[in-house]
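Visitor: I would like to learn how to read a structure like this one, feature by feature. Where shall we begin?

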Amino acid sequence: MSAPGTVWGRVRARLRTFPERLAACGAEAAAYGRCVQASTAAGGSLRKDLCAQEFEALRSCFAAAAKKTTKGY
């Protein structure tokens, strides 16, 4: 086990908080999931960029969560 002050200790500390940060993106993840599901249901066809707006919102949320996770390191 790495000591908390070492590089691996800091990495582990950041990784431990990441799931909690990503939980804040639940609304964006649900919207993206609904879009994908709707486009593949009942003969639908999933095409590139069909859910681009929802994906971009989710990606932005993840990026913001990652920034909060790495703050202070």
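Guide: Let us begin with burial: a residue counts as buried when its relative accessible area is under 20%, as exposed when it is over 50%, and as partly exposed in between. Please keep in mind that this is a predicted model. With that cut-off, C35 is buried, and C51 is buried too.

Visitor: What do C35 and C51 form?

Guide: A disulfide is read from the sulfur atoms of two cysteines, which must lie within 2.5 Å. C35 and C51 form such a link, with their sulfur atoms 2.0 Å apart.

Visitor: Why is the disulfide of C35 and C51 called left-handed?

Guide: Look at the torsion about the S-S bond: for C35 and C51 it is about -90 degrees, so this disulfide is left-handed.

Visitor: How many disulfides does the structure hold?

Guide: There are two disulfides. C25 and C61 form a disulfide as well, their sulfur atoms being 2.0 Å apart. C25 belongs to the loop between α1 (7-22) and α2 (26-40), while C61 belongs to helix α3, so this pair joins parts that are 36 residues apart in sequence. Its torsion about the S-S bond is -95 degrees, and the link of C25 and C61 is left-handed. Both C25 and C61 are buried. Counting bonded cysteines along the chain, the pattern is 1-4, 2-3.

Visitor: Now for charged side chains. Which residue forms a salt bridge with R59?

Guide: The test is a side-chain nitrogen of Lys or Arg within 4 Å of a carboxyl oxygen of Asp or Glu. R59 pairs with E56, and the closest N and O atoms are 2.8 Å apart. By this rule, the count is one salt bridge. Both partners lie in helix α3 (residues 52-70), three residues apart, which is about one turn of the helix.

Visitor: Are R59 and E56 buried, exposed or partly exposed, and what is the relative accessibility of each?

Guide: R59 has 41% relative accessibility, so R59 counts as partly exposed. E56, at 37%, is also partly exposed.

Visitor: And what share of the chain's residues count as buried?

Guide: Of its 73 residues, 12% count as buried. The chain exposes about 5500 Å², with carbon and sulfur atoms supplying 60% of that area.

Key:
Residues numbered from 1 in each chain as written. Predicted model: local features only at pLDDT ≥ 70, side-chain atom pairs only at ≥ 80, totals over all residues. Heavy atoms only, no water. Helix = DSSP H or I, 4+ residues; strand = E, 2+ residues; numbered from the N terminus. Buried < 20%, exposed > 50% of the residue type's maximum accessible area, 1.4 Å probe, protein only. Areas by Shrake-Rupley, 256 points an atom, 1.4 Å probe, with all protein chains shown as cover.
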